[in-house]
Amino acid sequence: MNPKEIQKLIELVEKSSVNELEVNRWGRKVIIRKQSGNHAMVSIPNEQVFYASNPAAPVQPAAAPAPQPAAPAPTPAKDYLVEVRSPMVGTLYRAPAPDAAPYVKEGDKVNKGQVLCIIEAMKLMNEIEAEFPFKIVEILVENGQPVEYDQPLFKVEKA
Amino acid sequence: MKQFDLVTDEKIKSQLNTKLIGQEIYAFWKIGSTNTFARQRALHDAPEGTVVIAEEQTQGRGRMTRQWESQFGKGLWFSVILRPQDVSPKAGLYTFLAGVSVAEAVEQLCGLRPELKWPNDLLLNGKKFCGILSEADFQNGHIRHVILGIGINVDHKQEDLPNSISESATSIRIESNWRLDRVKLLITVLKRMEKNYELIQTKGFDPILKTWKSYCPRLSKQIKVRQEHTIYEGIFQDLDEHGCMLLKTNDGQMRKIVAGDFA
């Protein structure tokens, strides 16, 4: 499927009351799904998910795909940038303690396994680690802010 | 009088008849943090249900690197490894399993009905005697493991509590005037946890959240919650499907609280 066809499908979904459209062609699957906030894309093997903006209804976390931060995001303008997304609803902390230095800042080069931030929900702490080496281009969420499931947290550039 | 009735893995194993939880036990005299050790074991494929317990923690932790006092022989400081086949957004709900199981065990053994304070502190007569701090790791959008870290003040006398927390903290001994056998308490908690974990696997989280709410007298009441620098006031309406607090603020709006302290 060529980009023009995909663009048309995205427009179609955006204008409609449909939240998700799945198209199979030549063994390639394209899913277009509405999401609040930024336009974003995640591609997984033999399957591409394109997010459209302006949801008709809130995205149900259980129905959303497994976050695949390691996958390349083929956005037209900055196709080398990848988004690291939140695995759960919670509060994001950029440092291990209120008076401590943040784990990472924009421009940092991080190694695989390095902690990027903590997400807390119900006093359950989840250290978000880098799944591959990258450079942090943009931090999208401030310290202490609540985050939704699958919300983009960092824009990163693969090393 | 016997000063210390040590919690050993032999004692636990001889009384524990669970199928899953506590089948593997690491019991220490002293450790930095049972959660840290349990997480390391979990990352090295320790089986589900593994329990790590210590008589003393030198680096017992609370939220945001706050310290958790865990003196030798006074309480139960332990962590349980679970590996639920569940998606990552559900991880936070497993902490309710810990809170409910401790509340049920204490009520069964002492006849005192603890209060659960959102999300999962346990109080007796308004003072905290049990804290729960959990950690999770995920893989491809699914839970790899959840570490439930539980600290219960059991045998402290009033003078054993550090001055800094003596106003807000307590122990089962102080509130019940009774020296509860720690091994018995641990075993009761682990049995309850196994039963509740099975319930989650067969019926989902609804029954656990319902039990949780039955231990929460602040539900439907006017409360204050501090989230970072803001204090919200309103009625504690309900829990949502992630266990977040739904607060109906005084201006009529419904606000979702994902993490915070009662003000």
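Visitor: What covers the buried residues of helix 6 of chain B?

Guide: The cover includes helix 3 (94-110), strand 4 (115-117), helix 5 (182-203) and strand 9 (230-239) of chain B, where contact means heavy atoms within 4.5 Å. Helices (H or I, at least four residues) and strands (E, at least two) are DSSP runs, numbered from the N terminus. This is a predicted model: local features need pLDDT of at least 70, side-chain atom pairs count only at pLDDT 80 or more, and totals for chains, interfaces and linings use all residues. Residues are numbered from 1 along each chain as its sequence is written, chains are lettered from A and ligands numbered from 1 in the order in which they are written, and side-chain values use heavy atoms, leaving out hydrogens and water.

Visitor: Which residues of helix 6 of chain B are buried?

Guide: In helix 6 (residues 206-214), they are B:Ile208, B:Leu209 and B:Trp212; buried means under 20% relative accessible area, exposed over 50%, and partly exposed in between (1.4 Å probe, protein chains only).

Visitor: Why do they line one face of the helix?

Guide: Viewed down the axis of helix 6 of chain B, the buried residues fall within an arc of 95 degrees, so they share one face. The arc is that of the directions from the helix axis to the C-beta atoms. On the face turned away from the buried side are the exposed residues B:Asp206 and B:Lys210.

Visitor: How is chain B divided?

Guide: Into domain 1 (9-214) and domain 2 (222-262), with bounds from an automatic or database domain assignment. The contact involves 10 residues of domain 1 and 15 residues of domain 2 of chain B. Taken over C-alpha atoms, the centres of these two domains are 25 Å apart.

Visitor: On to pockets. How many residues line the largest one?

Guide: The lining has 44 residues, with B:Gly62, B:Gln67, B:Trp68, B:Asp121 and B:Lys128 nearest the centre. A pocket is an open set of points on a 1 Å grid over the protein atoms alone, where a 1.4 Å probe fits, with protein on both sides within 12 Å along at least five of seven lines; lining residues have an atom within 4 Å of a point.

Visitor: Which strand gives the most to that lining?

Guide: Strand 6 of chain B, with 5 residues. Domain 1 and domain 2 of chain B each contribute at least three residues to the lining.
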